[in-house]
Amino acid sequence: MASSVPRARSTGRVTLDDVAHAAGVSPITVSRALRGERAVAPELVERVRAAALKLGYVPDPAARALASRRSTHVAVLIPMLSNALFVDMVEAIQRRLRPAGYQTLIGITHYDANEEEQLLREHLLHRPAGLLVTGLERTPATRALIANSGVPCVHLMETSTDPGVHSVGFGQADAAAAMTRHLLERGRRRIAFAAAQLDARTLQRLSGWRAALTQAGLYDPVLEWRNPAPSSLALGALLFEQIAAHRPAVDAVFFCNDDLAQGALLAAMRLRIAVPRKVAIAGFNDLTGNDQMLPPLTSVRTPRAEIGSAGADMLLTLMQGGRPPSHTVDLGFELVVRAST
């Protein structure tokens, strides 16, 4: 038996007009009732909600944005979702934006500047209310897209002093330098830096390590170990095996992230290399599981959830036409010293 409910011809979707017909009211009354406007009588609100529920009506956000000239979605561009670092940040963003009436649309760039540019073009076609992007390094075309879009934008995970650029993050190089100084204070003198992915923030950490060793008069280019492959436990184990076999021997390895460092700890166990007696191992980000490693892993705790919350708050202010107290927020970092160093 054919349904008696009229549907939009192109999509089969239940429309505002369908609900109005079923409830015996005008479409504008349906719209006001579902928005919770007080001018609509309670009995009409109840009738409209009952009709919407019965028909399975879902408001069309695109149509609502077109009618009000106000979008309700925010584009969030991150490098990957397989890294808990970005999962924590995105969850914090959503916890801030949803109560304010905004939905997040996630775009994954895979650390590819060209893919980020294409994703941004696609998102801007839908006229988002705001943009949250990861980092500051991007193509000139992407920077121009952001600048010319008129859409409020906040950059996350790094800080910028450039005028007109809003950012929330911490000093990546400063954090790496602090970890390197910690290893120096523990008596380590040949401290290797092992890196994967080689994205902009990893290279900033490399520069912080290099600066601290140079200041101590201990920098040696052979202590740099770079691999452009995606970060993983397996790659961390491989890098550690290569470093352990190199001569002259190192007495500490600072990994650019915890995936690599955790893999190195597992490799050290297999190779029967005592940590930290023979070689200290440190990571970056302080992800879940570090305290359960053998030995527990020393790392830099990064405020990714706090960055997500503060970045979303800054964007909300911008989207509402306000001016944040500062265009840049530096949330700092914390060294978490455990038995691996």
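The questions and answers below go through a predicted model, from its confidence to its ring pairs, proline bonds and salt bridges.

Q: What average pLDDT does the chain have?
A: This is a predicted model, in which local features need pLDDT of at least 70, side-chain atom pairs count only at pLDDT 80 or more, and totals for chains, interfaces and linings use all residues. Residues are numbered from 1 along each chain as its sequence is written, and side-chain values use heavy atoms, with hydrogens and water left out. pLDDT is the predictor's confidence in each residue, from 0 to 100. At least 70 is scored by 92% of the residues, and the chain average is 91.

Q: How many residues apart are Phe170 and Phe284?
A: The structure holds 5 aromatic pairs; rings of Phe, Tyr and Trp (its six-membered ring) pair if their centres lie within 6.5 Å, and planes under 30 degrees apart count as stacked, over 60 as edge-to-face and the rest as tilted. Phe170 and Phe284 form a stacked pair, 6.4 Å centre to centre with 25 degrees between the planes. Phe170 is in the loop between strand E5 (166-169) and helix H8 (172-185), and Phe284 is in the loop between strand E9 (280-282) and strand E10 (299-301), where helices (H or I, at least four residues) and strands (E, at least two) are DSSP runs numbered from the N terminus. The pair links parts of the chain that are 114 residues apart.

Q: Why is the pair of Phe193 and Phe254 given its class, and what is that class?
A: Phe193 belongs to strand E6 (residues 191-196) and Phe254 to strand E8 (residues 252-255), 61 residues apart. Phe193 and Phe254 are both buried, that is, under 20% relative accessible area, with exposed over 50% and partly exposed in between (1.4 Å probe, protein chains only). The ring centres of Phe193 and Phe254 are 5.3 Å apart and the planes are at 90 degrees, so the pair is edge-to-face.

Q: Is Leu294 buried or exposed?
A: Leu294 is found in the loop between E9 and E10. Its peptide bond to Pro295 is cis, with omega near -10 degrees. With a relative accessible area of 61%, Leu294 is exposed.

Q: Which residues is Pro295 in contact with, leaving aside its neighbours within four places in sequence?
A: Pro295 has its place in the loop between E9 and E10 and is buried, with a relative accessible area of 17%. The C-alpha atoms of Pro295 and Ile281 are separated by 9.6 Å. Val275, whose peptide bond to Pro276 is cis with omega near 10 degrees, is one of the contacts of Pro295. The list is Leu265, Val275, Ala339 and Ser340.

Q: What is the phi of Met157 near?
A: Met157 lies in strand E4 (residues 153-157). At 0% relative accessibility, Met157 counts as buried. Phi is positive here in a residue other than glycine, near 85 degrees.

Q: How many residues apart in sequence are the parts tied together by Asp313 and Arg96?
A: The structure holds 13 salt bridges, each a side-chain nitrogen of Lys or Arg within 4 Å of a carboxyl oxygen of Asp or Glu. One of them joins Asp313 and Arg96 at 3.0 Å, N to O. Asp313 lies in helix H12 (residues 304-319) and Arg96 in helix H5 (residues 84-97), so the parts tied together are apart by 217 residues.

Q: Which residues do salt bridges that share partners join into one network with Asp286?
A: Arg301 forms a salt bridge with Asp286, with the closest N and O atoms 2.9 Å apart. Arg301 is partly exposed at 34% relative accessible area, whereas Asp286 is buried at 8%. The network joins Asp286 with Arg301, Glu334 and Arg338.

Methods
Contact = heavy atoms within 4.5 Å.
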